[in-house]
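Subject: Structure handover

Hello,

Here is the structure I promised you. Please open it and keep it in view while you read my notes.

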Amino acid sequence: MEELILEQNTEYIINSLDDRSLVSQRMIQMGVLPGSNIRILRVGPLGKTVEVLIDQGESIALRANELKALDCKIVALPLSAVKDITKSYRIRNFLGGRGFWEKMKARNLKISDIIKVAFNDGYQLIKKDGHKVRVGRGEAEKIILEPVES
């Protein structure tokens, strides 16, 4: 199990639930089963509570330690949450409006591009062809990536 990143717009898939833990029993009672997708909607001000959206369309609040106890695999995360620069990522979505989409298009970034991430006075996206694009923190929160299996 990889460490959970508690940041807005991060998505996970639940691999398994341990039927002995109280958190798992609670999730099963709510109909959240292995294979369910969960997306973090909001993180409380002190990071102790997390509102998540379950693929059935329900949103529930969990304690951060309860969420960390689940056996989950990361499906998508914002660029601002990337910690592992050795992995490759695929651009999954842009969360901004039309102006943001146009700005990304002008920078030659599009959905399904495979990139690597570097940190150098902000975020630097390196495409397979060697093209480098710098983005700021605000833009990084709007670029959703999914890890690519090598």
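Start with phenylalanine 94, which stands opposite isoleucine 143 in S10. Keep in mind that this is a predicted model.

The strands around that pair come next. S6 covers residues 88-94, and S10 covers 143-148. Six bridges join S6 to S10, and the two run antiparallel. S6 also pairs with strand S7, residues 114-119, again in the antiparallel sense, over two bridges. There, arginine 90 stands opposite isoleucine 114 in S7. Helix H3, residues 98-106, lies across S6 and S10. The helix runs at about 145° to S6.

Now step back to the whole sheet. How many strands form it, and in what order? There are 10 strands in an open sheet, and the order is S4-S3-S2-S1-S5-S10-S6-S7-S8-S9. The pairing is antiparallel. Strand S4 (59-63) and strand S9 (132-135) are the edge strands, and each pairs on one side only. On average, neighbouring strands of this sheet are turned by 40° against each other, direction ignored.

Move along to S1 and S2. S1 takes in residues 11-16 and S2 residues 37-43. They pair in the antiparallel sense over three bridges. Look for glutamate 11: its bridge partner in S2 is arginine 39. Helix H1, residues 22-29, lies across S1 and S4. H1 runs at about 175° to S4.

Next, the aromatic rings. A pair of rings is described by the distance of the centres and the angle of the planes. The structure holds three aromatic pairs. In one of them, phenylalanine 94 and phenylalanine 100, the ring centres are 6.0 Å apart. Their planes stand at 80°, so the pair is edge-to-face. Are these two residues buried or exposed? Both phenylalanine 94 and phenylalanine 100 are buried. Phe94, Phe100 and Trp101 form one aromatic cluster. Phenylalanine 100 has a charged neighbour too: lysine 142 lies over the face of its ring, at 5.3 Å from the ring centre.

Another pair is made by phenylalanine 119 and tyrosine 123. Their ring centres are 5.5 Å apart. Their planes are at 65°, so this pair is edge-to-face. Phenylalanine 119 has 42% relative accessibility, so it counts as partly exposed. Tyrosine 123 has 11%, so it counts as buried.

Glutamine 124 lies in strand S8, residues 123-127. Why does glutamine 124 count as buried? Its relative accessible area is 14%, and buried means under 20%. Leave aside its neighbours within four places in sequence, and glutamine 124 is in contact with Lys116, Val117, Ala118, Lys132, Val133 and Arg134.

The other is leucine 46. It lies in the loop between S2 and strand S3 (49-54). Leucine 46 has 73% relative accessibility, so it counts as exposed.

Best wishes

Definitions and conventions. Residues numbered from 1 in each chain as written. Predicted model: local features only at pLDDT ≥ 70, side-chain atom pairs only at ≥ 80, totals over all residues. Heavy atoms only, no water. Pairing = 2+ DSSP bridges. Helix = DSSP H or I, 4+ residues; strand = E, 2+ residues; numbered from the N terminus. Axes fitted to C-alpha atoms, helices over the stretch in contact; angles between N-to-C directions. Contact = heavy atoms within 4.5 Å. Buried < 20%, exposed > 50% of the residue type's maximum accessible area, 1.4 Å probe, protein only. Phe/Tyr/Trp six-rings, centres within 6.5 Å; stacked < 30°, edge-to-face > 60°. Lys NZ or Arg CZ within 6 Å of the ring centre and 35° of its normal.
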